[in-house]
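Have the structure open as you read.

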Amino acid sequence: LEMPLFCAPTGMSRLFHPDGERAVAQAAASAGTCYSLSTLSTVSIEAIGQATAGAKMFQIYIHKDRSLTTEFIERCKAADFDALCLTVDTLVSGNRERDKRSGLTMPPRLSAQSLLSFALHPSWAWHYLRGEKFELANLSARLSRNQQDLVSVMGYVNEQFDPGVVWRDAEQIIAAWGKPFAIKGIMSVADAKRAVDIGASAIMLSNHGGRQLDGCAAPFEVLPRIADAVGGQVEIIVDGGIRRGSHVLKALALGANACSMGRGYLFALAAGGQAGVERALGLMKAEIERDMILMGCRHLKDLDRDKVIRL
């Protein structure tokens with residue numbers, strides 16, 4: 001990649017802009033970095049494969065119907081994806097109280113609150129009514145007709161995701177996939193070591209943007225211990241809280257190989273579509289380069305813990 005930052009997987013990106021996942025994938029390719037597509041995306045694996053020749057990773061969840069895992073792997077191979085990422089911190093949905101109040105569904109549920117929101121955002125409502133159907137595109141063929149009409153996202157996670165995932169499941173995916181493979185949601189030294197043992201290419205230190213377990217540690221807090229334990233044996237990616245180029249440099253100085261960003265590009269997507277995401281990634285790259293110059297670092301390898309003062 002052309003910079004140590006890439007686009008993390010985020011679900012249902014067409015809620016933010018009608019071009020959704022396609023826009024982010026194309027912006028990432030323009031920036032010379034990787035785009036990660038979520039299982040719960042509103043654009044399919046195949047569509048993203050056609051939309052960009054840039055680096056791309058698919059974020060996979062393990063469903064109770066294990067045949068879906070095999071199907072996802074084969075579809076990603078056919079669409080020329082470069083990597084898989086198994087998310088292990090969302091075996092059940094967190095207690096997302098705002099989602100409970102709004103009744104987050106796909107497609108969006110019509111209620112007095114949502115109709116008012118549509119009225120206050122006419123451009124969004126126009127694209128919603130005139131554009132392609134809102135659906136969980138990677139799963140539409142597996143959903144019943146009733147489920148396709150209105151899918152509760154939290155309900156889908158709790159009903160369809162397998163809460164009994166074990167390390168053997170990850171090993172089987174690694175063997176079937178045969179390409180770079182990351183495990184997302186690693187937050188302890190013990191799990192990082194186990195990921196190395198089973199042959200993962202990378203680990204993503206992530207608490208799912210703070211949306212799962214209330215009060216859990218931040219990836220930055222566990223990074224130094226994990227880097228000491230497995231640094232050099234597996235790529236370490238910090239996912240969460242990355243908003244500035246200086247955040248990327250701090251993560252690299254503490255032992256990470258790269259960072260991924262989710263909300264940061266979603267804000268830009270909502271504001272300006274593909275151009276907005278390109279602008280956001282461009283700003284991040286410029287900050288990384290500017291701050292490296294100001295720190296006296298010519299190469300990423302010059303970043304070490306002496307560059308970070310912890311009080």
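## A definition to start with

A salt bridge here is a side-chain nitrogen of Lys or Arg within 4 Å of a carboxyl oxygen of Asp or Glu. Please keep in mind that this is a predicted model.

## The overall picture

The protein chain contains 13 helices and ten strands. For 311 residues, a compact globule would have a radius of gyration near 19 Å, and the chain agrees with that, at 19 Å. Its C-alpha trace spans about 55 × 40 × 40 Å along the principal axes.

Buried residues account for 50% of the 311. Among contacts with a separation of 6 or more, 69% are between residues 24 or more positions apart. The chain exposes about 14,800 Å², and carbon and sulfur atoms supply 52% of that area.

## Charges and a network

On the charge side, there are 35 positive and 33 negative side chains, and the centres of the two sets lie 3 Å apart. Side chains of opposite charge can pair when their charged atoms come close. The structure holds 13 salt bridges.

One of them brings together the side chains of Asp65 and Arg142, at 2.6 Å from N to O. This pair links distant parts of the chain: Asp65 is in the loop between strand S3 (56-60) and helix H3 (67-78), while Arg142 is in the loop between helix H6 (122-130) and helix H7 (145-149), 77 residues apart. Asp65 is partly exposed, with a relative accessible area of 35%, and Arg142 also counts as partly exposed, at 35%.

## A buried pair between strands

Asp239 lies in strand S9 (residues 235-239) and Lys184 in strand S7 (residues 181-186), so the bridge ties together parts that are 55 residues apart in sequence.

Asp228 forms a salt bridge with Arg305, and their closest N and O atoms are 2.9 Å apart. Here, too, distant parts of the chain are linked: Asp228 sits in helix H11 (residues 219-230) and Arg305 in the segment after helix H13 (263-295), 77 residues apart. Asp228 is exposed, with a relative accessible area of 59%, whereas Arg305 is partly exposed at 35%.

Returning to the Asp65 pair, salt bridges that share partners join Glu46, Asp65, Glu71, Arg75 and Arg142 into one network.

## The buried side of H11

Which residues of H11 are buried? They are Pro219, Val222, Leu223, Pro224, Ile226, Ala227 and Val230. An α-helix has 3.6 residues a turn, so residues three or four places apart point the same way.

What covers these buried residues of H11 includes S7, helix H10 (189-197), strand S8 (202-205), S9 and helix H12 (245-253). S7 and S9 are the strands that hold Lys184 and Asp239, respectively. Just after H11, Gly232 takes a positive phi of about 90 degrees.

Technical notes:
Residues are numbered from 1 along each chain as its sequence is written. This is a predicted model: local features need pLDDT of at least 70, side-chain atom pairs count only at pLDDT 80 or more; totals for chains, interfaces and linings use all residues. Side-chain values use heavy atoms; hydrogens and water are left out. Helices (H or I, at least four residues) and strands (E, at least two) are DSSP runs, numbered from the N terminus. The radius of gyration is taken over C-alpha atoms; the globule rule is 2.2 Å times the number of residues to the power 0.38. Buried means under 20% relative accessible area, exposed over 50%, partly exposed in between (1.4 Å probe, protein chains only). Contact means heavy atoms within 4.5 Å. Accessible areas come from the Shrake-Rupley method with a 1.4 Å probe; for residues, only the protein chains shown count as cover. Lys and Arg count as positive and Asp and Glu as negative; His and the chain ends are not counted. The place of a charge is taken as NZ of Lys, CZ of Arg, CG of Asp or CD of Glu.
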